[in-house]
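Shall we take a look together?

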Amino acid sequence: MQNPGTGTRTDGSLAISCEELTFSYPGSKVPALSKISFELRPGEYLGVVGPNGGGKSTLVRLLNGLLRPDSGRIRVSGHDPATEPFEVRRHLGVLFQNPENGLVAPFVEDDVAFGLENLGVPREEMRERVARTIRAVGLEGYERREPHTLSGGEKQRVALAGLLAVEPEILVLDEPTSMLDAAGRREVLERLEALRAEKTVLHVTHHLEELLDADRILVLNGGQLVADESPELLLSEPNLLRENRLILPVVPRLALALGLPANLRTPEELAEAILARAGSGTRAR
Amino acid sequence: MRLELRDVHHTYAPGTPFEVEALRGVSLAVGPGEVLGLVGGTGSGKSTLVRHMNLLLVPTIGEVLVDGVDAMTLKKSELRRRVGLVFQFPEAALFAPTVEEDVAFAPRRLGLDEGEVEERVRGSLRMLGAEELAARSPFALSGGEKRRVAIAGVLAMGPEILVLDEPTAGLDPATREELVALIRNLRDAGVSVVLVSHDLDEVAEVADRVCVLRDGTVHASGTPAEVFYGDPEMAPATVRVASLLKASTPEIGIPVRFDETLAALKAVRGG
């Protein structure tokens, strides 16, 4: 799954490619996305951030064929989502914000099987895939539970299992934790982290701290792609962050204000860095 | 106004196989010009609790008191004017062709004269930094703008207490910070606020007191410092950092807000 990194522009070797992508919602004078170009290579982990109304959700809907671009070109594993949406959805699965909207079946296992039933997968294989993906999201024993009795984090993991069962190479995560409480958020993020080694991931979020391991981060604001950079570079540009209404989480914000590196993530790492510096007797300024 | 809940229990579907005791004896109070942060995981009873604050739900056992008077004896319409409830994702209820008309809807139904209605609409839009949106269609606004307009609609009723259930859920961090600043403005204008939130960092910035619900009971309550330093597992990032440094540098104190914490950490840095 390691990407060859050759940068060749043959679409077949790219997970996603967008060229000059432009889209306006009917009746709106301002385009929701304007001439967006970027590439995602197999195995990469790409973050997408930006303010509400920046164009993030529009991008996701264009990628899985829910919307068609006004102009420009998209390919997902070599397919055009506008003309081959069903083919594209075998390669690219989207985990949406609100798990409630996706859960349809009376029992967890039926819900996980739902996407597969439409693909004509043989029964035996279907059973096997459902069991495997339920295990992969840590919901063994939940097969006969009713989805409405689950917590937010559990529901989102059921939705994730349903996606994984279709075995897409590309996972698109559209703010999958924004409606969950702290515990639910942690459980979902842990599962997603475990998937990164085997999947190509595009992760849309408001939480910059979820993207510190990303290969690159795209910043969308007002429908424009204003940055496509590594997390290290992005975090070191406070003006760019401010202009795009991006706010660092508390720990890196404290770190920066103390003259420490912004890539300290946890309270433990920050406390350790503060002690190390105090202990070494270094006095800044 | 002072709103008090005394030993409130709430059981859904009592006497059926679906019976669930969502609240199991909750007591708390919100005083004038105070921000109460109400935190707790999904299923802890937060949403059930806030629905008792204006008697959308009636306690199975226990009482709700407004300035010491049993709220059940007050007129419902009067109670709901005084205690404004803003539900999660309130923008779903926007309906009028313009922002102005949407915000005017509820105060107009109070039977106020047009001049008073207009004044309230302007005042509450101003309070939420949304004056320039007055003539726009609520449907053409961004998520953060819609949220502010929806809150303005409840504020236009002139509540003495505003109950906000997850007001920042799904908003970008910059819009969240703006909403937190608005909560401070409301408090400064004498409106009490109950802020229900999962986001401990946000609660740390603005709450005067914090109440932690767990399994339908009050797990902890007090000042933010008392509650958060009592349980660093259930604490915002600022408190977790300071707690970790406390053993080696006791002079760090018990900072909670970002600016307090930064100042305390700078002192440690000096060695």
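Q: Which residue just after α3(B) takes a positive phi?
A: This is a predicted model, where local features need pLDDT of at least 70, side-chain atom pairs count only at pLDDT 80 or more, and totals for chains, interfaces and linings use all residues. Residues are numbered from 1 along each chain as its sequence is written, with chains lettered from A and ligands numbered from 1 in the order in which they are written. Helices are DSSP runs of H or I with at least four residues, numbered from the N terminus. Just past helix α3(B), a positive phi of about 80 degrees is found at Gly111(B).

Q: What share of the residues of chain B count as buried?
A: Chain B has 271 residues, and its C-alpha trace spans about 65 × 50 × 35 Å along the principal axes. The buried share is 44%.

Q: Which element gives the most to the side of chain A that touches chain B?
A: The contact (C-beta atoms, placed from the backbone, within 7 Å) takes 30 residues from chain A and 32 residues from chain B. On the side of chain A, the elements giving two or more residues are α7 (182-195), α10 (250-257) and α11 (267-279). With eight residues, the one that gives the most is α11(A).

Technical notes
Buried ≥ 20, exposed ≤ 12 C-beta atoms within 10 Å, placed from the backbone. Contact = placed C-beta atoms within 7 Å.
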